[in-house]
Amino acid sequence: MSRRLLVTGLLALVLAAPAAAQPRVLWPGVTFDTQLQFTPNGPVAINVLLGPRPGGTTTLEPALSNETLLGRETLTAMQQRLSASATTAGVNADLFSLQTGLPSGVLLRQTELLHPPHAARSSAGLLGDGTLEVRRVSFFATWQGAGPRRTLNELNAAAPPGGSALYTQAYGPATPAYTDAAAVVMFPFPAAVPGVDLPAPVVEARGGGPVPIPPGGAVLVARGAAAATLQAEAPAGSTLTARFVFRPDWPGLVAAVGGGPQIVRDGAPVFRAGEAFTSSQLGPRAPRSAIGQLRDGRVVLVAVDGRQPGYSVGLSNFELAQALVRLGAVTGMALDGGGSTTMALEGSLLNRPSGGTERPISTALLFSYSGVYVQPPLPVVSPDGDGVGDAQTLRYKLVRPATVTVTLRAPNRSVAFTETAERAPGLVDVPFPPVSTQGAGAATPLDGRWTLAVRAVDDLGRETTMAQSFKVNTTLGFLRAPARLFLPPGGRDAPITWRQGRSARVTVTIVDREGSAVRTLALRRYRPGEQGVVWNGLDRTRRRVKGGVYTARVVARNALGTSELTAPIRVRQIAGPGRPSQ
């Protein structure tokens with residue numbers, strides 16, 4: 001048996017196929033699901049966002065923390081900040097400095113270069129036709145005033161001794177302070193597109209800084225011997241021309257982020273890409289993030305949870321590559337991992353970060369949607385007046401002006417509400433329960449599946465539609481249980497009652513803090529009406545339970561689906577006689 005076949009066979013034993021899950025549609029063309037994979041080292045939770053080939057109303061775009069390279073921001077905060085202009089779902093992107101927030105590699109947005117690539121690591125680039133390319137490229141830059149072209153050492157990073165750096169407004173409000181430097185302020189400064197000359201007027205000559213960076217402008221700083229050259233060849237009133245170059249050239253590039261290493265090439269997992277990473281970064285099982293593209297052009301974003309025994313142990317870098325291939329990727333690259341691994345939708349986490357809290361990061365990769373977005377409603381609502389699940393919020397979001405047609409259908413397929421209107425960008429509520437056509441206020445909603453569908457034609461003539469469904473289920477209501485149970489040795493009766501709106505098979509259990517059932521009190525069919533059972537404080541072995549907080553759980557199943565109500569019971573053991581256990 002060849003070494004390759006042996007390795008493949010062993011890996012097949014180690015990495016079992018993920019448990020199947022039904023993907024959740026976030027908006028048309030974009031889905032999310034969590035695949036649970038069982039390995040000899042423990043379970044692994046693989047969170048997957050799958051989107052279309054970027055273009056049209058769903059694009060793939062890098063996001064920058066606080067819109068500046070310095071500093072950090074959580075992924076959910078980025079999405080909340082961007083919510084008015086797009087609906088977003090995505091993951092963390094490049095590695096970064098914990099001290100400054102500067103990304104380790106390239107950041108290019110809408111063809112504008114904000115930070116150069118890391119020559120020893122891969123970059124993930126998106127072309128204008130939606131193709132994802134993973135490449136290793138280096139960066140070279142020049143500036144030219146009255147003399148010949150001069151080397152420009154850095155873009156939006158620290159200028160080396162004797163060298164130079166150019167700072168755009170993406171860097172922050174001002175340049176770093178240097179004691180041996182000269183600076184020139186250029187305004188206006190064109191978008192920093194690689195491969196073209198970028199001429200700009202020099203409006204001011206300054207000392208070493210910090211020098212304020214004007215919005216729409218740039219500052220070039222030169223240190224040591226290079227400072228005298230800058231002062232002589234680019235005085236105020238002159239024109240300075242900058243040029244940024246990728247080597248090799250990367251034609252058609254519209255967006256890019258750094259990260260690495262490349263983990264999928266031509267549909268096969270890459271074991272060792274030969275990039276600037278240590279074995280301690282690649283070898284251990286840990287939280288991991290990645291991006292890949294399928295053969296049909298769809299893009300997959302992955303966040304693997306890790307360092308959480310019993311829930312998810314994480315993956316090695318090569319195991320991440322295999323997972324991406326199993327998802328159908330033909331090309332792919334790893335992103336930052338560890339405590340940075342985060343996946344979120346519209347400001348809400350979709351995964352479980354390893355540190356217990358969300359880490360502020362530098363950059364992100366986001367599916368960005370500009371069509372009508374119907375916010376997810378509560379999956380089940382029970383408007384029976386018991387204070388639990390009574391209210392349902394139906395709402396949709398527009399990021400551009402649009403003509404909107406809204407249709408709310410009841411379980412019997414009748415139209416309970418409809419309207420067509422011109423709407424400005426923002427959130428729009430849809431009434432529920434719908435208002436009665438007889439003018440008697442809100443009608444009592446029918447039990448069953450309701451569907452809200454919204455069609456929008458925006459000011460660019462683009463039509464998008466989205467629908468969300470939910471259920472009205474009044475099978476269970478008005479659960480009551482004693483808040484406290486003082487338990488003598490023989491037990492004491494605790495009545496648990498509820499109102500049954502529809503016939504259903506009902507299970508009543510008492511569960512502990514860990515969610516384990518300590519006693520099943522009922523497992524039978526109940527008819528509509530007031531119902532109840534009694535718990536005597538004993539477990540399934542007829543011994544009284546320990547003191548602590550327990551939960552009475554009532555679950556009903558019928559043609560409408562499953563509904564559940566819970567109520568806490570705090571148990572306290574006391575001394576004294578009690579009745580015999582039953």
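Predicted model: local features only at pLDDT ≥ 70, side-chain atom pairs only at ≥ 80, totals over all residues.
View 1. Q468 belongs to strand β34, which spans residues 463-472. Its relative accessible area is 14%. Q468 therefore counts as buried, the cut-off being under 20%. A polar atom of the Q468 side chain lies 3.1 Å from the backbone oxygen of V374. V374 is also among the residues in contact with Q468 once neighbours within four places in sequence are left aside. The others are Q375, P376 and P377, together with W450, T451 and L452.

**View 2. The buried side of helix α2.** Helix α2 covers residues 75-82. Within this helix, L75, T76, M78, Q79 and L82 are buried. These residues cover an arc of only 155 degrees around the axis, so they sit on the same side of α2. Strands β4 (58-64) and β5 (87-92) pack against the buried residues of α2. So do β24 (343-345), β25 (348-349) and β26 (363-369).

**View 3. The largest pocket and its lining.** The largest pocket holds about 760 Å³ of space. Its lining consists of 38 residues. Nearest the pocket centre lie E61, P62, E67, R109 and Q110. Elements giving two or more residues to the lining are β4, β7 (112-115), β8 (123-127), β18 (253-258) and β26. Strand β4 supplies the largest share, 6 residues. By class, the lining comprises 19 nonpolar, 15 polar and 4 charged residues. Both β4 and β26 also pack against the buried residues of α2.

Technical notes:
Residues numbered from 1 in each chain as written. Heavy atoms only, no water. Helix = DSSP H or I, 4+ residues; strand = E, 2+ residues; numbered from the N terminus. Buried < 20%, exposed > 50% of the residue type's maximum accessible area, 1.4 Å probe, protein only. Polar contact = N/O pair within 3.5 Å; in protein donor to acceptor, adjacent residues only side chain to side chain. Contact = heavy atoms within 4.5 Å. Arc of directions from axis to C-beta. 1 Å grid on protein atoms, 1.4 Å probe; cavity = no way out; pocket = protein on both sides within 12 Å on 5 of 7 lines; lining within 4 Å. Points joined across faces, edges and corners; volume = space filled by probe spheres on them. Nonpolar A, V, L, I, M, F, W, Y, C, P; charged D, E, K, R; others polar.
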